[in-house]
There are 6 protein chains.
Amino acid sequence: MFHHSSKLQYQVRVDTPDPQFAKYLQQAIGGIEGEIRVAMQYFFQAMGARGDAKYRDLLMMTATEELSHIEFLGHAVALNLEGAPVTAQEEAAKDPIIHAIMGGANPRHILSSGLSAMPVNANGVPFDMSHVYASGNLAADMMANVTAESTGRVLASRLYNMTEDSGMRDMLSFLIARDTMHQQQWLAVIEELGGMEANFPIPNATPPEHEATEHSYYFLNTSLDEPTPQGRWMHGPSFDGRSEFSARDKPEPLGQKPDLGKARPHSGAQKQQM
Amino acid sequence: MFHHSSKLQYQVRVDTPDPQFAKYLQQAIGGIEGEIRVAMQYFFQAMGARGDAKYRDLLMMTATEELSHIEFLGHAVALNLEGAPVTAQEEAAKDPIIHAIMGGANPRHILSSGLSAMPVNANGVPFDMSHVYASGNLAADMMANVTAESTGRVLASRLYNMTEDSGMRDMLSFLIARDTMHQQQWLAVIEELGGMEANFPIPNATPPEHEATEHSYYFLNTSLDEPTPQGRWMHGPSFDGRSEFSARDKPEPLGQKPDLGKARPHSGAQKQQM
Amino acid sequence: MFHHSSKLQYQVRVDTPDPQFAKYLQQAIGGIEGEIRVAMQYFFQAMGARGDAKYRDLLMMTATEELSHIEFLGHAVALNLEGAPVTAQEEAAKDPIIHAIMGGANPRHILSSGLSAMPVNANGVPFDMSHVYASGNLAADMMANVTAESTGRVLASRLYNMTEDSGMRDMLSFLIARDTMHQQQWLAVIEELGGMEANFPIPNATPPEHEATEHSYYFLNTSLDEPTPQGRWMHGPSFDGRSEFSARDKPEPLGQKPDLGKARPHSGAQKQQM
Amino acid sequence: MFHHSSKLQYQVRVDTPDPQFAKYLQQAIGGIEGEIRVAMQYFFQAMGARGDAKYRDLLMMTATEELSHIEFLGHAVALNLEGAPVTAQEEAAKDPIIHAIMGGANPRHILSSGLSAMPVNANGVPFDMSHVYASGNLAADMMANVTAESTGRVLASRLYNMTEDSGMRDMLSFLIARDTMHQQQWLAVIEELGGMEANFPIPNATPPEHEATEHSYYFLNTSLDEPTPQGRWMHGPSFDGRSEFSARDKPEPLGQKPDLGKARPHSGAQKQQM
Amino acid sequence: MFHHSSKLQYQVRVDTPDPQFAKYLQQAIGGIEGEIRVAMQYFFQAMGARGDAKYRDLLMMTATEELSHIEFLGHAVALNLEGAPVTAQEEAAKDPIIHAIMGGANPRHILSSGLSAMPVNANGVPFDMSHVYASGNLAADMMANVTAESTGRVLASRLYNMTEDSGMRDMLSFLIARDTMHQQQWLAVIEELGGMEANFPIPNATPPEHEATEHSYYFLNTSLDEPTPQGRWMHGPSFDGRSEFSARDKPEPLGQKPDLGKARPHSGAQKQQM
Amino acid sequence: MFHHSSKLQYQVRVDTPDPQFAKYLQQAIGGIEGEIRVAMQYFFQAMGARGDAKYRDLLMMTATEELSHIEFLGHAVALNLEGAPVTAQEEAAKDPIIHAIMGGANPRHILSSGLSAMPVNANGVPFDMSHVYASGNLAADMMANVTAESTGRVLASRLYNMTEDSGMRDMLSFLIARDTMHQQQWLAVIEELGGMEANFPIPNATPPEHEATEHSYYFLNTSLDEPTPQGRWMHGPSFDGRSEFSARDKPEPLGQKPDLGKARPHSGAQKQQM
């Protein structure tokens, strides 16, 4: 069960409201790299967690933190929209510089939300929940979570670079820090589960007889004119300790030329296909 | 530039066509765990690759392989739809067992595609390209790729379990094998780039002064009644070699109570808000 | 800031797991009538609330409750999936009755989530955040909230009727009750703001000179062969106390015949259009 | 059956074409507050109407009016795009002011539609029909309709404020007026059906024994540090005449701690979860 | 401006209600081959029509007819849902055959719409307006319209085959007939505009100097092992009367090997990319 | 099976990088008129092709070419983003002209992709695979392909007009040329199949007794005040050689007034509907 306390997890201060930056910040709320995504991803992973209950708890605790991130980012968006012109009569609207800035703003911040945050990204595209990765496989989910926190930290760093507002920079430096920890903690789960070798290939419970293992450890070079790039992926032991890497250049197809024959009557095809 | 040869990368054989399994297989084509996703993800990562060109080549070569996976899976879907009743007059349609099976099939395999594969998932929801993760950060992209191959192998293993058709099992055992290699090869890129410690936190180029590092290494326990779960996430050195993990129970908010004040005139609000 | 406690807001008990009912329950999680929608809708309304802070608090408190509803519904979905066959070899999978039931289940509950809840509706379509209505106008938002709770209670009642499981019926009777209160509380906000007459038309701050009031109180009968239906909408005082209702039959167009003239050169049109 | 006459329902005049305003106007066509939505919503409600046929007629008549609103708004968009530069060689394109204005325009108005309206919102996101709320419950649908007309009138008022073009203001003043009437007429249906008390809680046909009525009339304060806001929602008779409001502070969970146990073999989980 | 008359364009009769067929019929309403799509496509094309006004009229008249098709199809869906079990207590729900049939039905026909049509396809995926093709180029739009009516007639034919209900077959035979005419009438527009040779390539107003015409008339055989298929596409005059067809086997790339160099500082990339 | 060679199909040169043009170019990659769409459309049509194998080959060969178009367009986007400011500190970012230009850029080109192409359109909306038209009917698919190449060439021509960069114009002139050929080659398939008369109405295999042919050849004028526009659609032989065109003015409805009667108990409706 969830509870709420009235203060924000972190202080939000905007020295110079900037409607264009409000649009950019939306990526951190409703973008695929954003906070709705991680909040919901950890929440659904927690609800489906099977196995040692401590992983469920870890996921739910961090889902809860991410909800608080949405909250302070939402406040930051609203503060950046303070003073944005809402009528064509305002002085601001007649200032060509502000007019140009508003051309780069999200018009729905005025038209649809009344100067508030929305669950959309920096292009105004609503977040959709297909991005909630929760597979029922703990290791796969951890990799998905490290990924989400990595793209999240990339985004927060880029947003930090795009503003000179000291309040916004302070808030973003907190987000960057939390994303560091969240990357680390999901990696720590992998270590706790025995590390890379014990967990890969994911899922590690697939019986070997379900796998055509003769195809499991070679890199397939599908290029007609490039040699296989040199690197760990083509020699040395595999990271799951089961085999050695190799490479195959210009591979031959192993299958047939596909042929579905003629179309059946009454299948909606043209006569010429029958 | 792309080229094509006429045979499939791998042999596809269906002993007993099963329209319901055709629906399930769609998840491996147009699902978020499927082949369109990885083909396009690696392709867009390759097109945006900066730095050592060998990573670009690696990505493009594997993108090309994934296109071939779409191709043989598409053939497998069509073969599973062979003989599915397309009219209410057919004997098959009047057989209650086949009728029940068709209730579990995707009706658009008959109505929209004429007994062929579609770029949709097992619920008939079309794939959308927002799932192509290509961040411009090589390490983040590698984590995204390991994730994609992990959920892909989880899916292929589940599909393997859901069929008894030996042709389908053979094809899926090949997919399981290739997913093993693809997990491994993206991990190999991380190793080639210096391993976990050299790459985390992602992005590793974010200047420390952009990060509130006092918040970077503690686990935040947001539960009111549960202790912090014990594990590597709360003690010991962090995996980036920069600090030590710790934990904070029942944290106090660090921010203000948000207050946006009154609504502005002409902002579309009610009088009572002004 | 959000917090969590480890127990569910309400007891979840499933006497007879039913994978088909698990699919139906998804509508209450990820459907437009469901709990993700109201949780996020109240959350975003709260973040954008301007005016008397008590409405912000009301919204945030109920957003928090709705998060807890997602949580117990998610558990209910997982419990309904207990024992669903995950391999073709299981006895259950070979039982024609269970086979038929599984035809009516969501295959992604097996293929994608590993027997857990997903943020999708009963057709497997992911929830998308465009359904979060948060306009910045308090009265409009309250009407949106009454609507959401009304369709939510309609859905919960239908789900109640579709099951005979006493555990599920108990849980749904709680949801039905809470939806009753939530309908009532949002209506209470309207009353607190002065009632219907004080709030309509929404927004009540639109200056009368921005409105062609001669068109504001007649019902337009666009039918060629039906009289205007008799009712309060065509006579008597309007509910905002500003006018009297009337009706117009077979109205004449007030505008011109549209004509955009010829296409411009270089606009991508055919020569014949120029 | 539908028919058409060649003139617009209302006169459309644009004194000074403004491609940026064309982009804003799209919200009134293809936004969730726009005319496609209400046209389709009333149409589908009418097609599913059961009970007294007059409500069906009312819905169909107004659906038909809304189609006419799409039509004149579409014309307004096209007129605002008159003269927008379609080549980089035009004088207009070289004027820095016009260049800046075009930066705020929707490029697809040039690239995709050839200077015409599109069924998209002000961010260029296509309307999707999931926003057509038609529940089969007449009262729930009326609340949805009041909501749609309320957000519609909020939007029209904001658009009115964002332009100084007298033609556009005239057209928008007509839209504002019709939204007033449409709010009123759907409220009138509720009155005709017996008013609030007779209709709430929606659905009013849910048997009381399907509802845990001990949970139906208290406000749940989920905040850890805020008192329940004072207002009609916590005292006095409920609006359905069935009970009295009360409030619960810092509620205790009523449910269990969820526990799904171990993952099943062959379910795609990691060994460590089993 | 639109008008409505109370009777359906065509008689709808359902002898034996079939909830599964109701699901299939949805494809003709909310599928990409369905009636919402053509109604809206012709409507938006009409609103953007430039050039001879008769094409605008043609489009608007047929858009209006398609709205009437939605209407009778919507009625057909509702009639097919008559008697579908809405409670688990009904006799019908306990009949294993009806239970199996309902497994193949759309549960949202009960849960969300109360036994009525929805603007979704046969998988329950809502129609989205990105499928409204209206390019501002009359010939391109005509080809889009022929396509829409072709897939529409394919769909109607498949639906006809999938039912034995004489009422449904009668209604579908009318749809099949109207789709025939609509294919023909859009082809007639092309003829009226001067026929294929006068209109192709589309757009025919693109100046030849904007086209690398040396690449305009050869078929590119990208296969490594297949000869170019023999046919009109590789020899004889082109259909626009401008050139002769030819073919190129195993073409050489004309471009460079792409290389974006190193990543820039502060761009969110890893250090190793810089 | 697919293969790749390392050079681009066509040379890409950008003389003056332009982030706004990068945004526009996205329409040619991820727009409905773009290259992902045709690549995937031809690919899925090929995978479902039944009948003479040469059509399958034709489709697959051109699908492969379109993949190469995505590749060079992706490179063009990245080159146009060279030098775009990624921090607020850069000189460029402080230049008001560049600031204004960036207001018209896609912020996700900086925030999400790190200065690279994305699978989105010019509004930043991701491509979704519902636009892959592959019906199983060869003639319908050919019309869909002619349509796609027509809107594609319209788009390429508009993009050509929107830039003065000679490198971009050179690349677009190649695209315009290839779209010419692709329009032609799909028309050539129709000719190869016997031409218009042999193929229409599509599908040509629908038995005449499934069609209410008395409704197949008249144009329906649904306007109340406009005469039927004069043209080939209302007189002369139909293009399938089966009949003569005619027209019907102000048609009478052929169907009943719809009436669904009262709502059923337990169906979630209001009491007043029962």
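Guide: Buried area is the accessible area, taken with a 1.4 Å probe, that two parts lose on being put together, summed over both. This is a predicted model, in which local features need pLDDT of at least 70, side-chain atom pairs count only at pLDDT 80 or more, and totals for chains, interfaces and linings use all residues. Residues are numbered from 1 along each chain as its sequence is written, chains are lettered from A and ligands numbered from 1 in the order in which they are written, and side-chain values use heavy atoms, with hydrogens and water left out.

Visitor: Thanks! How much area do chain E and chain C bury between them?

Guide: Contact means heavy atoms within 4.5 Å, and here 46 residues from chain E and 43 residues from chain C take part. Carbon and sulfur atoms carry 51% of the buried area. The area itself is about 3500 Å².

Visitor: Which residue of chain E forms a salt bridge with Lys257(C)?

Guide: A salt bridge needs a side-chain nitrogen of Lys or Arg within 4 Å of a carboxyl oxygen of Asp or Glu. Chain E and chain C have two salt bridges between them. In the one made by Lys257(C), the closest N and O atoms are 3.9 Å apart, and the partner is Asp57(E).

Visitor: Over to chains A and B: which three residues of chain B supply 8% of the area it buries against chain A?

Guide: Each of these chains gives 111 residues to the contact. Together they bury about 9500 Å², with 62% of it on carbon and sulfur atoms.

Visitor: Are α3(C) and α8(C) roughly parallel or antiparallel?

Guide: Helices are DSSP runs of H or I, at least four residues long, and strands are E runs of at least two, numbered from the N terminus. Axes are lines fitted to C-alpha atoms over the stretch in contact, with angles from 0 to 180 degrees between N-to-C directions; α3 (residues 53-80) and α8 (residues 166-192) of chain C pack at about 165°, their axes 12 Å apart. Under 35 degrees counts as roughly parallel, over 145 as roughly antiparallel, 65 to 115 as roughly perpendicular and the rest as oblique. The pair is therefore roughly antiparallel.

Visitor: How many nonpolar residues are in the contact of α1(B) with α3(B)?

Guide: Helix α1 (residues 19-30) of chain B packs against α3(B) at about 165°, with the axes 8 Å apart. The contact includes Phe21(B) and Leu25(B) of α1(B) and Leu73(B) and Val77(B) of α3(B). Ala, Val, Leu, Ile, Met, Phe, Trp, Tyr, Cys and Pro count as nonpolar, Asp, Glu, Lys and Arg as charged, and the others, Gly among them, as polar. On that basis there are three polar residues, no charged ones, and the nonpolar number is ten.

Visitor: How far apart are the C-alpha atoms of Lys54(B) and Met168(B)?

Guide: Lys54(B) sits in α3(B), and the residues it touches include Trp233(A) and Glu192(B). Along the chain, Lys54(B) and Met168(B) are 114 residues apart, while their C-alpha separation is 35 Å.

Notes: Lists of a residue's contacts leave out its neighbours within four places in sequence.
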